[in-house]
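Below is a short briefing on selected backbone and packing features. Please read it alongside the sequence and coordinates.

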Amino acid sequence: MVDSRRRDFLRKSIIGLATTLTSGLWFDMLAKGIVPLPSLTFFEERFGVSREDMKKILEIALSKGGEFSELFFEYRTLNSVSMEEDIIKDSSENITLGVGIRVLKGAQTGYGYTDDFSFEKMKQTALTAAAIASGNSQFTIANLSEKFSGLHVYDLNLPMSDVKLDTKVDLVKKAYAAAQTYDRRIIKVQSSLIDELQYITIVNSEGLIIADVRPQMRLVVSATAEENGIYNTGFKSAGGRVGLNFFSTTETPEVTGKKASEEAIHLLSAVDPVAGEQPVVLGSRQSGVMIHEAVGHPLEADANRKKTSIMWDKLGTQVANPIVTIYDDPTIPFYRGSYNVDDEGTIPKKKMLIENGKLVGYLQDRLSAKLMNMEPDGHGRRQTYRNIPIPRMANTVLAPGKDLVDDIIRSVKKGFYAETYQGGQVSDTGKFTFSVNMGYLIEDGKITRPVKNATLIGTNVQILNEVEMIANDTAFFLGTCGKDGQSAAVTAGTPTLKIRQMTVGGRK
Amino acid sequence: MSDRNLLQLAEELVEFGRKNGASQVEVSIQQGTNFSVDVREGEIEKLMEAVSKNLDLRVFVDSKMARASSSDLSKDTLSKLILNAIQRAKLSSSDPFAGLPEKETITIDVASLKIYDPAVLDMAPEKKIAAAKEVEAICLKDKHIAKSYGSTFNTHIGERFLANSNGFSGAYRRTNCSNGISLQAGKDPNLFDEGWSDTSVHLEKLESPETIAKKAIYRVTRLIGGKKIESQNVPVVFEPPMTAGLLNFFATCVSGNSIYLKQSFLAGKIGEKVGNDLVNIIDDGLMPGALGTELFDGEGVPLRKTVLIEKGTLKNYLLDTYSAKKLKMKTTGNSGGPNNLYFAAGSSTQEQIIKSVDKGLFLIGTIGFGEVPTTGDISRGAFGIWIEKGELTYPVAEITISGNLAQLLQGIQMVGNDLQFKDSITGPTVKVAEMTVGGK
């Protein structure tokens, strides 16, 4: 088996619902109409873990000479409802409950976790994590002092976990019907609604105690069209850190369903791409995946601290055309990748990565920031209590430029326009690949025939320097990013932009 | 909780669900004991040890289904989860195909499967750390290696307990261990990364640190200097891990769900010639000591051997109880996907296969997701070594390969004799007539 260090991003990680995560035993609280708020006493009230016990466990974790200890308590509920073949086929409710205990010593991490909150089990887990160090306790635990984020990036007014199943079923049916009735050639539709609510409390040996409660919701539709024996599938998802109001204020389920079918129908007339190097225009919204892969991953601090990223020695240097500015911002309200607090208790901020073409920063977590003598910026994230936090993206954005979309298209005599993607992958060495679900040919300055099965390939250094034109029609899309075996909810956004030359793979 | 208690818990929950209105209930519990050590530049980077538990359940009320899962195994939580699931099932739609598998008696003796090795459990952490360190130390001595991403040694002991209201109650345990490393070679901006990791049920069968290091060094250094080539259509020779990658995509296309949803180009093709005579693809869940071998699948159905393609003719799909009923077929014990899926060996050596190519690509790596089960289309980033006049010449990088699985299966020209069962999805070296290589 080949060991892969690649990071990937999958757009349609959809229907395989409910294998890992969580759902709503919230009925007892929510039935009483209590709006969930971040509560520092949540794990004490619900599971009997007192603050005194937390402090003792932190001490035990440092008993063998560790420098820093931390407890990450998590309770998450995840619900899903899905429709297929005209019936509501499946619904699920999933609970994730546990605590992860981390001990740091220099660049070394000791980690253990348990789903049992008894003092004895937590103590045993703390001793496991403590074993990364070998010696005697050298550090004392500061008194726990409460910290509040001050950020409010979630819409917790009507969290989906509080919404009755029949309302959810109705939303799923509406999306399904809109997709199915869009065109007679649509032969299969799948529609699912996935919502979660994650309660976390983080305490550490520096005396931090902080809590957060994070909603996450996504409606996902896939539609398959058939004509003359040719089948194609389109996808669309909508959602974020939002609740029921999203469907009336931002995007109705009908629109989501319709867009999935629209893509499937367009693909019916699609041709295979012309393989070879050519000018490539990246459409706004989904091309955010390119920014995420080609720029975001190589700028995560861990790979730069370890000098494995192609960008490790380029801080302060010009790495892109000066028209390129890229940042990551976990604080955009209601976005899928946003949060009030990261998964190690740091309050996040917008982080500039490339400013006018110059590399100005890396995405940091605590450990890398400390070892690189930089500041943590709230990008330490983990999938669940079973994982250590690592530097991750949240909402990654390529800032708008001054060009007009029409001018960009007009400037291309013969080239490729990428619109939607199946996913992308990048390695630390900066080599990336994107699978385009649907694109178009550009001929004599005009968008012409739809194209399927195209692959874009290149290196991040090359692409950053070959961005020639940038429009101002920024749009975002929702994704799930994989790194070191952990997945994270993210978004990425970009305006329409032109790459001077890029390799397009195809079948001609 | 001891083994017995977890199986008992599953049985009690089945009973609880039945008493509270479910016509059928299935409860499955997994317990894993995990150890992993990451070593980088000679130091331990991360040491992790934990026991994790997870419970999955399905309830059926008449023909309506609902599911739930939890890592919290307290009875209070679990009984609420079941009651909730029963409520949700009632709001779901009736589906005549939904339901538990018919009871099938397991006749296999679990010991004969050889999927549990106590040596994995007994191995001292110091030895695991030493093995990971040794792999890295050997690699870093090689002057072509620029950097190590780190080596990792993992062990896992998994226990499964499953009970359902059709009277099934069973448990088994399995082990696996792995050791591997990722490396970087070349010079900025032409850096390459690759590695090698070996996984085994039995500790004594795990490749030695020397072997792992040697393979990792070989795999990354052969990429150094990789360059683009002109776009063209050529024969492609798949190195065994690449044949496995192709089979992975095949597994999606042949899975019962893709078939009944008509999201696969193989839907409705049973009995048809979907490949040429050289194509034989088999899934064998009972192969002793293999990584995909289990006693029963996720629904408690005993595993078995299933021929999927025989001399090019499509014989069966990978089916669970539901998709089997939909297709009026019988479950193949594949509710968890393929078990040990392999492309049967042919008679040629890898050298003979390469010799037969005048101009073509020896495919050694792919990147990206470009596989569409509905059409069989494949389009991915690729790495390889260029073949000229039957000889491996220079490495190629930043290229794409594209083709179509239906056409590839018809165009298999030679099949290697180098099949090894080191992974649950595996195949020998295979030569296909033509794919499009995208480059300059």
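This is a predicted model: local features need pLDDT of at least 70, side-chain atom pairs count only at pLDDT 80 or more; totals for chains, interfaces and linings use all residues.

Which residue in β15(B) does B:Ile387 stand opposite? B:Ile387 faces B:Leu392 in that strand.

**Strand β14 of chain B and its pairings**

- Burial here requires 20 or more other C-beta atoms within 10 Å of a residue's own.
- Strand β12 of chain B (residues 359-367) pairs with β14(B) through eight bridges, in the antiparallel sense.
- Within that pairing, B:Lys359 has B:Glu388 of β14(B) as its bridge partner.
- Strand β13 of chain B (residues 371-372) is joined to β14(B) by two bridges, and these strands also run antiparallel.
- The bridge partner of B:Val372 in β14(B) is B:Asp377.
- Strand β15 of chain B (residues 391-404) runs antiparallel to β14(B), and 10 bridges join the two.
- In a regular strand, side chains alternate between the two faces of the sheet.

**Hairpins on either side of β14(B)**

- The hairpin of β13(B) and β14(B) has four residues between its strands, and B:Gly376 takes a positive phi near 85° there.
- The hairpin of β14(B) and β15(B) has two residues between its strands, and in this hairpin B:Lys389 has a positive phi near 50°.

- Most residues other than glycine have a negative phi.
- A:Asp444 is not a glycine, yet its phi is positive, at about 50°.
- A:Asp444 sits in the loop between β17 (431-443) and β18 (446-451) of chain A.
- A:Asp444 counts as exposed because it has 9 C-beta neighbours inside 10 Å, the cut-off for exposure being 12 or fewer.
- B:Lys328, likewise not a glycine, has a positive phi of about 55°.
- The loop that holds B:Lys328 lies between α9 (321-326) and β11 (341-343) of chain B.
- B:Lys328 has 6 other C-beta atoms within 10 Å and is therefore exposed.

**Packing of helices α5 and α6 of chain B**

- Helix α5 (residues 125-141) and helix α6 (residues 209-221) of chain B pack at an angle of about 40°, and their axes are 9 Å apart.
- The crossing of the two helices is right-handed.
- On the α5(B) side the contact is made by B:Ala131, B:Glu134, B:Val135, B:Ile138 and B:Cys139.
- On the α6(B) side the contact residues are B:Pro209, B:Glu210, B:Ile212, B:Ala213, B:Ala216 and B:Ile217.
- By class, the residues of this contact are nine nonpolar, no polar and two charged.

**Contact between chains A and B**

- Chain B has 67 residues in contact with 74 residues of chain A.
- Strand β2 of chain B (residues 43-61) gives the largest share of the chain B side, 10 residues.
- The chain B side that touches chain A is made up of 20 nonpolar, 27 polar and 20 charged residues.
- Strand β4 of chain A (residues 108-114) is joined to β2(B) by three bridges, and the two strands run parallel.
- A:Tyr111 is the residue that stands opposite B:Met48 in β2(B).

Methods:
Residues are numbered from 1 along each chain as its sequence is written. Chains are lettered from A and ligands numbered from 1 in the order in which they are written. Two strands pair if DSSP finds at least two bridges between them. Axes are lines fitted to C-alpha atoms, for helices over the stretch in contact, and angles run from 0 to 180 degrees between N-to-C directions. A crossing is left-handed if the near helix is turned anticlockwise from the far one by less than a right angle, and right-handed if clockwise. Two residues are in contact if their C-beta atoms, placed from the backbone, lie within 7 Å. Ala, Val, Leu, Ile, Met, Phe, Trp, Tyr, Cys and Pro count as nonpolar, Asp, Glu, Lys and Arg as charged, and the others, Gly among them, as polar.
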